[in-house]
Amino acid sequence: MPLFLPYEQAVLAGIVRFTAPRRLLEFGTAQGQTTFALAANSPADAEVHTVDIMQWTDYTRKCLRGDETIGAFYRSSPHAGKVRQIFRRVPDEVPDEIAALRGRYDYIHVDGDHSYGGVRTDTVTALDLAAPDAIFTWHDFYTFPDYVAEPPERRGVYPYLNELARSGGITLRHIVGTYLVVGCRTWPQDMPGVLVQPGEPEAPFGRRNLRLADTGWKQGAS
Ligand SMILES: C[S@@+](CC[C@H](N)C(=O)[O-])C[C@H]1O[C@@H](n2cnc3c(N)ncnc32)[C@H](O)[C@@H]1O
């Protein structure tokens, strides 16, 4: 999995299987690996909406890694029929198909624009669109000190989610060993969980998860 780590796929699959949501929304389709995980692990009658931007940026191209089709990964799977792919004309648009389900989404995954402003906009939109007890997940929550030190325009997920957690309206937990954060507005604030600070070792996984594509591994090679 070039973008989404295999262990993260397993964790996300577990969350979706356990919570069994019926209306799922994703910000940031790219190749559609997460879309696949959401569709493959939700109940058979679930509907997955996934949204990306109409005007590709360099970041979109980077995420697609030479592929020209948004959503190619899930489209070639047997779960494609559960997915509706939607495009935003402008980065903060809430397309009509999505607005029509306001208050009824029970799972929302945020993995679009990772700048502080971008993740904030998508999270505020997600909170507005979701049912009160919906489950939220965010990707790309990097706690490496060198990332945390970068300006929030570039690395907004860490500072924004810390701010959101402090605001008190939602309980958030970083899932150690992944770049995922999970949250719910009806979970108690004192739900078990340990706050890991930047630079603290994330045993047993070490400091940084290496993406498969960065290891030089090639399919079929020994
Ligand atoms: C990190 S990738 C998503 C990876 C995807 N979840 C997967 O598993 O393959 C981020 C994607 O978000 C898209 N994006 C950027 N800004 C966005 C926005 N405002 N709304 C929706 N998608 C956005 C990019 O075009 C890119 O395709």
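Colleague: Leaving aside neighbours within four places in sequence, which residues is P152 in contact with?
Modeller: P152 is in contact with S115, Y116 and P159, once neighbours within four places are set aside. Keep in mind as we go that this is a predicted model.

Colleague: And where does P152 lie?
Modeller: In the loop between α7 (145-148) and α8. G117 is 35 residues away from P152 in sequence, yet the C-alpha atoms of the two are 8.5 Å apart in space.

Colleague: Is P152 buried or partly exposed?
Modeller: Partly exposed, because its relative accessibility is 35% and the buried class stops under 20%.

Colleague: What about H114, where is that one?
Modeller: H114 sits in the loop between β4 and α6. Its relative accessibility is 12%, so H114 counts as buried.

Colleague: Which residues is H114 in contact with, neighbours within four places aside?
Modeller: Y59, H139, D140, R154, R155, G156 and V157.

Colleague: Let's switch to the ligand. Which residues come nearest to it?
Modeller: There are 20 residues around the ligand, and T34, D52, T60, R88 and P91 come nearest.

Colleague: How do the residues of that shell divide into nonpolar, polar and charged?
Modeller: Six are nonpolar, nine polar and five charged.

Colleague: Which elements each supply at least two residues of the shell?
Modeller: α2 (33-41), β2 (47-53) and α3 (58-64).

Colleague: What lies 2.6 Å from an oxygen atom of the ligand?
Modeller: That is a polar side-chain atom of T34. Q33 places a backbone N or O atom 3.4 Å from a ligand oxygen atom. On the nitrogen side, a polar backbone atom of P91 is 2.9 Å from a nitrogen atom of the ligand.

Colleague: How much of the ligand does the protein bury?
Modeller: 96% of the 610 Å² that the ligand exposes when taken alone.

Colleague: While we're on loops, where is D92?
Modeller: D92 is in the loop between β3 (83-88) and α5 (96-99). With a relative accessible area of 49%, D92 is partly exposed. D92 and D113 are 21 residues apart in sequence, with their C-alpha atoms 9.9 Å apart.

Colleague: And T29, buried or exposed?
Modeller: T29 counts as buried because its relative accessibility is 3%. T29 lies in the loop between β1 and α2.

Colleague: What does the side chain of T29 make a polar contact with?
Modeller: The side chain of T50, at 2.7 Å. Setting aside neighbours within four places, the residues in contact with T29 include T35, V51, D52 and Q85.

Colleague: Changing topic: how many residues has the largest nonpolar core?
Modeller: The largest nonpolar core has 27 residues, and F27, I108, F136, W138, L161 and L164 have the most contacts inside it. β1 (23-27), β4 (105-110), α6 (116-129), β5 (130-138) and α8 (157-167) each give two or more residues to this core.

Colleague: Take L161. What is it in contact with, leaving aside neighbours within four places?
Modeller: L161 is in contact with W138, F141, L172 and V181. There is also a second, separate core of 18 residues, with L24, V48, Y107 and V182 among them.

Colleague: Which residues other than glycine have a positive phi?
Modeller: A20 is one of them, with a phi of about 45°. A20 lies in the loop between α1 (6-19) and β1, and counts as partly exposed at 31% relative accessibility. R65 is another residue with a positive phi, near 45°. R65 is found in the loop between α3 and α4 (72-75), and at 40% relative accessibility R65 counts as partly exposed.

Colleague: Last bit, the overall picture. How many helices and strands are there?
Modeller: Eight helices and seven strands. The protein has 222 residues, of which 48% count as buried. As for contacts between residues at least 6 apart in sequence, 71% join residues at least 24 apart. The protein exposes about 11100 Å², with carbon and sulfur atoms supplying 56% of that.

Conventions. Residues are numbered from 1 along each chain as its sequence is written. This is a predicted model: local features need pLDDT of at least 70, side-chain atom pairs count only at pLDDT 80 or more; totals for chains, interfaces and linings use all residues. Side-chain values use heavy atoms; hydrogens and water are left out. A residue is near a molecule or strand if one of its heavy atoms lies within 4 Å of it. A polar contact is a pair of N or O atoms within 3.5 Å; within protein, one must be able to donate a hydrogen and the other to accept it, and residues adjacent in sequence count only if both atoms are side-chain atoms. Accessible areas come from the Shrake-Rupley method with a 1.4 Å probe; for residues, only the protein chains shown count as cover. Helices (H or I, at least four residues) and strands (E, at least two) are DSSP runs, numbered from the N terminus. Ala, Val, Leu, Ile, Met, Phe, Trp, Tyr, Cys and Pro count as nonpolar, Asp, Glu, Lys and Arg as charged, and the others, Gly among them, as polar. A nonpolar core is a set of buried Ala, Val, Leu, Ile, Met, Phe, Trp, Tyr and Cys residues joined through side-chain atoms within 4.5 Å. Buried means under 20% relative accessible area, exposed over 50%, partly exposed in between (1.4 Å probe, protein chains only). Contact means heavy atoms within 4.5 Å.
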